[in-house]
Amino acid sequence: MGTNNCFHCGNEIIKKDEIIFDTKSFCCNGCKTVYEIFSQNDMSCYYDFQAAPGATPQDIQGKYDFLANEDIVEKLLEFKEATTYIVSLYIPHIHCSSCIWILENLQRLQPGIGASQVNFPEKKVRITFNPEKTSLKEIVELLCSIGYEPYISLDNFDEGKKKVDRSLIYKIGVAFFCFGNIMLLSFPEYFEVNEFWINQYRSFFRWLIFALSLPSFIYSASGYYVAAWKSIKAKMLNIEIPIALGIVVMFIRSTVDIVFGYGQGFFDSMCGLIFFMLLGKLFQIKTYDFLSFERDYKSYFPIAITKVLPNGKEEAVQVYDIKKGDRLLIRNQELIPVDGILISDTSSIDYSFVTGEAVPIEKKSGDKIFAGGKQLGKVIEMEVLFSVSQSYLTQLWSNDVFQKKVDQKHKSITDKISRYFTPALLGLSFISFIYWIFIDTTTAFNVFTAILIVACPCALALTAPFTLGNVLRIMGNRKLYLKNAIVVEQLAKVDTIVFDKTGTITTHKKSAITQDGTFTSEEVVLLKNVLRGSNHPLSRRLYEFLPNVEKAVVSHFEEITGKGIKAIVNDKEIKIGAAAFVGFSDENQLKQTNVYVSVNDKYLGKFIFDNQYRDGLKELFSILVKNYELKVLSGDNDGERESLEQLLPSNTELVFNQKPEQKLAYIESLQKQGKNVLMIGDGLNDAGALAQSNVGISISENVNVFSPACDGILDASQFEKIAFFLKYSKNAMRTIYMSFGLSLLYNVVGLSFAVTGNLLPIVAAIIMPLSTITIVSFVTIMSNVFARQK
């Protein structure tokens, strides 16, 4: 096959306007995979592409015709709305970073696919597509053609996931069998025994050793050959090339030794090498699974939802306690956590969490509503169809639509080293071989193979993921729930911290509420029913303060950010919020937060909140001011300026009367000055500022408002530990750089021994997985040690 032929289908490759085609118009989509994507991108992370060989169109013809049935497709879909369908497919062949890369770039292969996201621990890919441009059948056939055939079962999908790909276990078993038996048969050679019968059958035993090595060489090491071959064909140099080359060289050299009677060869070292490398790969996979074990939605989202009991009472329950048949109450701006049936008459749902499109969809009573939607407007009730998926909320929160574009310094270091590592390693191997071949042939082959094996950069590549994975887990256990690992690095760079006031440095759980004005029982009914649909901290606090009343129908509900609520109940218009919003001028600048009420534009009175500051606020600010610039933003008037100036450090900047858009502009102005800004707010009025900041953390008393604008959710009980989290993030980055140095030191020492001929290939094979264990142990221990610091 020539260099201008596709290795996947064998057809001739031609170029036209920088777009690569084969002469049969892509007889299989595998042609696109390698030539359209890999050859046009800098695949510096392309280490371990070992997907199963792609199926040809003939292999899958008719196999997935059942996916043309809409009823079957609907059962597989987890979201179906207008031009957006979402499906999660279980793919057993996912096993490495290259698999993740290609599966998250499916939109480049198939028109109509909007996005694809891989859940590595569960070996699933979540695909968003437009049914008007492509179908689920076409997507499945595409996956088959590039070597990632999904497992699809309508009846026992969960059981299907348990059918784990055990090929690596089988390869390790075969390699161990061959290695152990060859070692036993090689003992006479090791001890140079010259008994008559041993000398008589020495040739027989050597050929027996040769035969025993074949299963390990051909089967157990096959993954390295396939990966190396695909890498060469795609004109990429991945780390599998030197490993495969080392194995092949050892086999050829050993075979030559036996054929010409030079000795027994290195079959024991070769099989040991394969065994220990596969064992290292298994260790890597198991460690990834271990780190991912606690990182499900239960750890990251202590989200509560309001459940309506049979007696009509309402109670907050944890989201994972929701069961089929439960009746839920969904307020304005609240996430719908499960699929269900709408009970209320109408609803307006924003599915931007799922699709990225912020166009509300109108629903009527009896319609099915999907998890991930955000209720807009008045409060609604729904009946639960399914319990919440364990990874679904995490997938929503991590949606690429809401990711901030940031540079990862540690990742760029890894990529740069990896890009030049394999060419440099091959060059060093050949130079050392040429040098030693004129001195000692056996040493030359030992040096060549040992260099190829000992310098594997697996430990280097694992440094950042394992460190940050463990840090995320520890922070989650301490109730700071970060969106992803990038946030840790961004936290370490912060130099300016901006706090919102209401609901952030103040707590409403301790607020005393006093009433200024007279409200009739009818007006209390109106007020209570309007507040029932709001999630604002003051609304929730006032709702709990008012007495229980009978339910009333809210025919119109509108919550205006930064101003208040406007609603219609029993043909009466109620306004709740700021003084100007309800049409009242308050000349008294009290040192409290006020909520004003009017009915049909007639001012009725106000409720005064005597704000209490969070425990440990003064101590926290006194610690932070040593290393950070501190700012406090508030939408309230400056009635509390004097109190805050006495409580907080003297150089803390206080800014009042800020509307949401002004908060965002303030953050942006700080960033233009070169500041790395951490914004800490309540996730509602501060959504814009949280999204604009370098890192946005939402403080929550009871996390029932699901906001993609923030990078993390901090339980309010952990507020005084903010300084610890910031210091811990810096220590996490320090751990990464320390482990980078340790990994590079290991490679330098290993190569120095290998180049001088003092490192046998079998020893190199044992050391290679040990280096991975060392790095993983080091970063785990260091991140745990830093976590124990005060």
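Two strands pair if DSSP finds at least two bridges between them, and strands (E, at least two residues) and helices (H or I, at least four) are DSSP runs, numbered from the N terminus. By that rule, strand S20 (residues 564-569) pairs with strand S21 (residues 572-577) in the antiparallel sense over six bridges. The model is predicted, so local features need pLDDT of at least 70 and side-chain atom pairs count only at pLDDT 80 or more, while totals for chains, interfaces and linings use all residues. Residues are numbered from 1 along each chain as its sequence is written, and side-chain values use heavy atoms, with hydrogens and water left out.

In the hairpin of S20 and S21, two residues lie between the strands, and asparagine 570 takes a positive phi near 55 degrees. Valine 569 has lysine 572 in S21 as its bridge partner. S21 also pairs with strand S22 (residues 593-599), again antiparallel, over four bridges. There, isoleucine 576 is bridged to valine 597 of S22.

Strands of a sheet pair through backbone hydrogen bonds, either parallel or antiparallel. S5 is joined to strand S6 (residues 124-129) by six bridges, and the two run antiparallel. In S6, arginine 126 is the bridge partner of glutamine 117.

Another open sheet has seven strands, ordered S16-S28-S27-S26-S17-S24-S25, with mixed pairing. S16 (480-482) and S25 (653-655) stand at its edges with a single partner strand each, so one side of each has no neighbour in the sheet. The twist averages 20 degrees from one strand to the next. Within this sheet, S26 (residues 677-681) and S27 (residues 695-700) run parallel and are joined by four bridges. Leucine 678 has valine 695 in S27 as its bridge partner.

Rings of Phe, Tyr and Trp (its six-membered ring) pair if their centres lie within 6.5 Å; planes under 30 degrees apart count as stacked, over 60 as edge-to-face and the rest as tilted. The whole structure holds 26 aromatic pairs. One of them, phenylalanine 499 with phenylalanine 621, is tilted, at 4.7 Å centre to centre and 35 degrees between the planes. This pair links distant parts of the chain, 122 residues apart: phenylalanine 499 is in S17 (residues 496-500) and phenylalanine 621 in helix H25 (residues 617-624). Both residues are buried, that is, under 20% relative accessible area, against over 50% for exposed and in between for partly exposed (1.4 Å probe, protein chains only).

Burial also describes helix H5 (residues 136-145): seven of its ten residues are buried, so the helix is largely enclosed by the rest of the structure. Among the buried residues are Leu136, Ile139 and Val140.

Helix H7 (residues 167-185) packs against helix H10 (residues 202-220) at about 165 degrees, with the axes 9 Å apart. That angle makes H7 roughly antiparallel to H10 (over 145 degrees; under 35 is roughly parallel, 65 to 115 roughly perpendicular and the rest oblique).

Note on methods. Axes fitted to C-alpha atoms, helices over the stretch in contact; angles between N-to-C directions.
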